[in-house]
Amino acid sequence: MESFKFLNESKSIQEYEVLDFKSTASGRFFKIKIIFIDRSILIAREFSSKEERNYSFHWMNKDKNLIIRWDNAPYHKNISTYPHHKHLHNKITASQEITLEEVIQYIDGQMNE
């Protein structure tokens with residue numbers, strides 16, 4: 001898929017699988033499972049249309065323990081970047097709106113430190 005070309009360009013990605021993809025005139029939805037060279041896993045889910053965008057990028061270690069999850073679920077109204085936030089261990093913090101490509105760039109950076 002041309003829109004996910006950057007997945008093939010990442011040196012940190014070992015493999016990925018598109019679990020679901022739907023594209024219609026009103027919007028698109030995808031769910032992708034990505035396995036990185038350290039065996040950590042990212043489950044990326046996004047729905048986008050002209051009216052809305054909902055996303056969740058859940059990165060976990062090989063034992064399926066959360067590393068970070070970025071999402072914009074309409075909870076945590078006390079966060080300054082509401083509805084955008086991230087879950088980092090047991091803490092919820094501010095986060096700007098983020099794309100799958102930006103998440104991959106972040107993870108690439110973490111693996112190349």
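User: How many salt bridges does the structure hold?

Analyst: This is a predicted model, in which local features need pLDDT of at least 70 and side-chain atom pairs count only at pLDDT 80 or more, while totals for chains, interfaces and linings use all residues. Residues are numbered from 1 along each chain as its sequence is written, and side-chain values use heavy atoms, with hydrogens and water left out. A salt bridge here is a side-chain nitrogen of Lys or Arg within 4 Å of a carboxyl oxygen of Asp or Glu. By that criterion the number of salt bridges is four.

User: How far apart are the closest N and O atoms of aspartate 20 and lysine 22?

Analyst: Aspartate 20 has 25% relative accessibility and therefore counts as partly exposed (buried is under 20% relative accessible area, exposed over 50%, partly exposed in between, with a 1.4 Å probe and protein chains only). Lysine 22, at 47%, is also partly exposed. The two residues form a salt bridge, and the closest N and O atoms are separated by 2.8 Å.

User: Which residue forms a salt bridge with glutamate 97?

Analyst: Glutamate 97 is partly exposed, at 46% relative accessibility. The closest N and O atoms of its salt bridge are 2.9 Å apart, and the partner is arginine 53. Glutamate 97 lies in the loop between strand E7 (91-94) and helix H2 (100-111) and the partner in strand E4 (residues 53-60), so the pair ties together parts 44 residues apart in sequence (helices, H or I, of at least four residues and strands, E, of at least two are DSSP runs numbered from the N terminus).

User: Which residues are linked in a network of salt bridges?

Analyst: Arginine 53 also forms a salt bridge with glutamate 46, at 3.0 Å between the closest N and O atoms. Both of these residues are buried. The network links Glu46, Arg53 and Glu97.
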